[in-house]
Amino acid sequence: NADEFPITSQFEKSISAFTMFQSMLRLGLASAVSLAPLIACAGAADAKPSVMSETIRVGEVKAAQDTWCGALVAISTAHAEGGLAKSKPLSSDIIDAAYAYQFGPVAFKPTWAYGDTTFRTTKDGALSYFIGDDPNYNDPGFGIGSYGDRNYPNLSNRSPWVKCTPEIFAIQVFGNTANSMGWVHFEAADGTTSKVDKTFSYVRDDDGNLRITVHHSSSPYSW
């Protein structure tokens, strides 16, 4: 048994050291817990957090659609006053500001579009749709004004849009993306009116602006 004594003593020393370590650990944790409120309070007093709200609000969706309508009327007015020289640069700036072509393809299906050019996933396709003047698409330019004599695509006797009013039936918000669906009512200077089915999808960009990622437009079905 004498040979076992040193082993037992060593074992007991290890147990004692472990017990002491546990006590110190508990003491340290207890101290940390007791100091936590003080640390938190000090941090809260000094902190000046920057808060970014990514969730899109319903009012922002309505404002974005009102802005789209205002932009369309502005394009039509510019064209009536100065032709393509005035309306085309404006249209380009509006597309850059309102759509998400800078980030990739936009799912844009215009009303007056058909065949191989039905879907306008690039900016040049969107610009042609709004103002025409691109042989790759052969568009009359919806933003110029009413359909006139309806001889598509060579429309004549057109009248500029003077009024554009959204009528939204549904808005869905999912964090920093949102969808809206409804009608948009158009009125030209000569009294011509038009109603179009519209679906828009938006995403909030890094600057906080809503950008259009989906724009589907079609004429209401009639029997």
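Trainee: What do the side chains of Asp96 and Lys123 meet in?

Mentor: They meet in a salt bridge, with 2.9 Å from N to O, though please keep in mind throughout that this is a predicted model.

Trainee: Where do Asp96 and Lys123 lie, and what does the pair tie together?

Mentor: Asp96 lies in helix H2, whereas Lys123 lies in helix H3, which covers residues 123-131, so the pair ties together parts that are 27 residues apart in sequence. Asp96 is partly exposed, with a relative accessible area of 30%, and Lys123 is partly exposed as well, at 25%.

Trainee: How many salt bridges are there by this count?

Mentor: The count comes to seven salt bridges. Another of them joins Arg57 and Glu60, at 3.8 Å from N to O. Of these two partners, Arg57 counts as exposed at 52% relative accessibility, while Glu60 counts as buried at 18%.

Trainee: Which residues are linked with Arg57 and Glu60 in a network?

Mentor: Arg204 joins them, and the three residues are linked in a network of salt bridges.

Trainee: And what about Asp205, which residue does it form a salt bridge with?

Mentor: Asp205 forms a salt bridge with Arg211, and the closest N and O atoms of the two are 3.0 Å apart. Asp205 is buried, with a relative accessible area of 11%, and Arg211 is buried too, with 12%.

Trainee: Now for a charged residue without a partner: is Lys109 buried or exposed?

Mentor: Lys109 is buried, yet it has no salt bridge, and the nearest side chain of opposite charge, that of Asp197, is 9.1 Å away. A salt bridge here needs a nitrogen and an oxygen within 4 Å. As for its place, Lys109 is in strand S1, which covers residues 107-109.

Trainee: What does Lys109 touch, then?

Mentor: Leaving out residues up to four places away in sequence, Lys109 touches Thr118 and Phe119, and also His215, His216, Ser217 and Ser218.

Trainee: Changing topic, how many disulfides does the structure hold?

Mentor: The structure holds one disulfide, and the cysteines joined by it are Cys69 and Cys164, with 2.1 Å from S to S. Cys69 lies in helix H2 and Cys164 in strand S2, residues 161-174, so the pair ties together parts that are 95 residues apart in sequence.

Trainee: Is that link left-handed or right-handed?

Mentor: The link of Cys69 and Cys164 is left-handed, with -50° about the S-S bond. Cys69 counts as buried at 2% relative accessibility, and Cys164 likewise counts as buried, at 14%.

Trainee: Helix H2 keeps coming up, so how far does it span between its end C-alpha atoms?

Mentor: Helix H2, residues 58-98, spans only 17 Å between its end C-alpha atoms, whereas a straight helix of 41 residues would span 60 Å at 1.5 Å a residue.

Trainee: Where does H2 bend?

Mentor: H2 bends at Gly83, by about 150°.

Methods. Residues numbered from 1 in each chain as written. Predicted model: local features only at pLDDT ≥ 70, side-chain atom pairs only at ≥ 80, totals over all residues. Heavy atoms only, no water. Helix = DSSP H or I, 4+ residues; strand = E, 2+ residues; numbered from the N terminus. Expected span 1.5 Å × (residues − 1). Bend = angle between axes of the 7 residues up to and from the residue. Buried < 20%, exposed > 50% of the residue type's maximum accessible area, 1.4 Å probe, protein only. Lys, Arg positive; Asp, Glu negative; His and termini not counted. Contact = heavy atoms within 4.5 Å. Disulfide = S-S within 2.5 Å.
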